[in-house]
Amino acid sequence: MPSVMQQHSLTASTLMGDTKIPVPPIMFTKGEKGEELIAISYLGADLCGHVGIIHGGMMATMLDEGLARCCFAALPSKVGVTARWEIDFRRPAKCEGFVVLKARTQRVEGRKAWVKGRVEVLPMGEGEAMRKEGKGEIAPYDERGEVLVEAEGLFVEPKWAKFGGNL
C-alpha cells in the first residue's frame with residue numbers, strides 16, 4: 001500500500017501501534033484463486049471495549065478485512081467491497097494474545113464471492129499452557145484455539161474496478 005494511502009487507513013495505520021497491533025499480521029494463502037487465507041495477529045490492550053476484552057468492532061474489522069483479502073484473488077480485477085455481512089460472537093476475545101483468522105472462499109460467480117471465516121485464539125503447545133498455569137492444569141478455553149467469532153459475507157467487485165481503479 002502506498003504510504004500516502006497508508007496514513008489514512010484504519011487497519012494499516014490507525015490500529016497499528018505497540019499496545020494495539022504491534023506488527024502486521026502474518027498471512028498465508030492457499031490456491032491462486034483465493035481459496036483460503038490464514039492470518040496470525042497479536043492484539044494489544046488498547047483495542048479493548050471492556051477491560052481485558054477486545055472490542056467487538058475490532059473483531060468484526062479483522063474478519064471483514066480477512067474475508068475480503070481471501071477472495072480478492074478470485075475476483076476478475078482482484079478487488080472487492082463488502083456487500084453483505086453476518087457475524088456471530090461466540091466468546092470474549094482477551095487482549096494481549098495471539099489470534100488466528102481462518103477464511104475460505106465458498107463460491108465465486110463473476111464479480112461476486114461468498115466467503116466464510118472465523119477468529120480463534122492461537123493454540124499453544126501443551127508445555128507452554130502448563131507453564132502458564134503453573135501446576136500442569138488444563139489451560140483455559142482461550143489458550144486451546146477455541147472459536148471467538150464467526151462470519152460470512154458477500155464481496156462484490158465494483159464495476160469501476162475493471163477500468164483500473166484502486167481502493
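This section describes the fold, the nonpolar core and selected residues of a predicted model. Local features require pLDDT of at least 70 and side-chain atom pairs count only at pLDDT 80 or more, whereas totals for chains, interfaces and linings use all residues. Residues are numbered from 1 along each chain as its sequence is written, and side-chain values use heavy atoms, with hydrogens and water left out.

The protein chain holds 4 helices and 8 strands. Both are DSSP runs numbered from the N terminus (helices, H or I, at least four residues; strands, E, at least two). Read from the N terminus, the order of elements is α-α-β-β-β-β-α-β-β-β-α-β. Of the 167 residues, 34% are buried. Buried denotes under 20% relative accessible area, exposed over 50%, and partly exposed in between (1.4 Å probe, protein chains only). Accessible areas come from the Shrake-Rupley method with a 1.4 Å probe; for residues, only the protein chains shown count as cover. Among contacts (heavy atoms within 4.5 Å) with a separation of 6 or more, 69% join residues 24 or more positions apart.

The largest nonpolar core comprises 29 residues. Such a core is a set of buried Ala, Val, Leu, Ile, Met, Phe, Trp, Tyr and Cys residues joined through side-chain atoms within 4.5 Å. Leu43, Ile54, Met58, Met59, Leu101 and Leu148 touch the most other members. At least two residues each come from strand 2, helix 3, strand 6 (97-109), strand 7 (112-121) and strand 8 (147-156). Helix 3 gives the largest share, 8 residues.

Helix 3 spans residues 56-72 and includes Thr61. Beyond neighbours within four places in sequence, Thr61 contacts Leu10, Thr11 and Leu15. Thr61 and Leu10 are separated by 51 residues in sequence, yet their C-alpha atoms are 9.3 Å apart.

Strand 2 covers residues 36-43 and contains Ile38. Ser41 belongs to strand 2 as well. Ser41 is buried because its relative accessible area is 7%. Residues up to four places away in sequence aside, Ser41 touches Pro25, Met62, Gly97, Phe98 and Val99. Ile38 has a relative accessible area of 32% and is therefore partly exposed. Together with Ile26 and Phe28, Ile38 makes a nonpolar surface patch of about 280 Å². Patch residues have over 30% relative accessible area and no salt bridge; like charges are joined within 9 Å, nonpolar side chains (Val, Leu, Ile, Met, Phe, Trp, Tyr) within 5 Å. A salt bridge places a side-chain nitrogen of Lys or Arg within 4 Å of a carboxyl oxygen of Asp or Glu.
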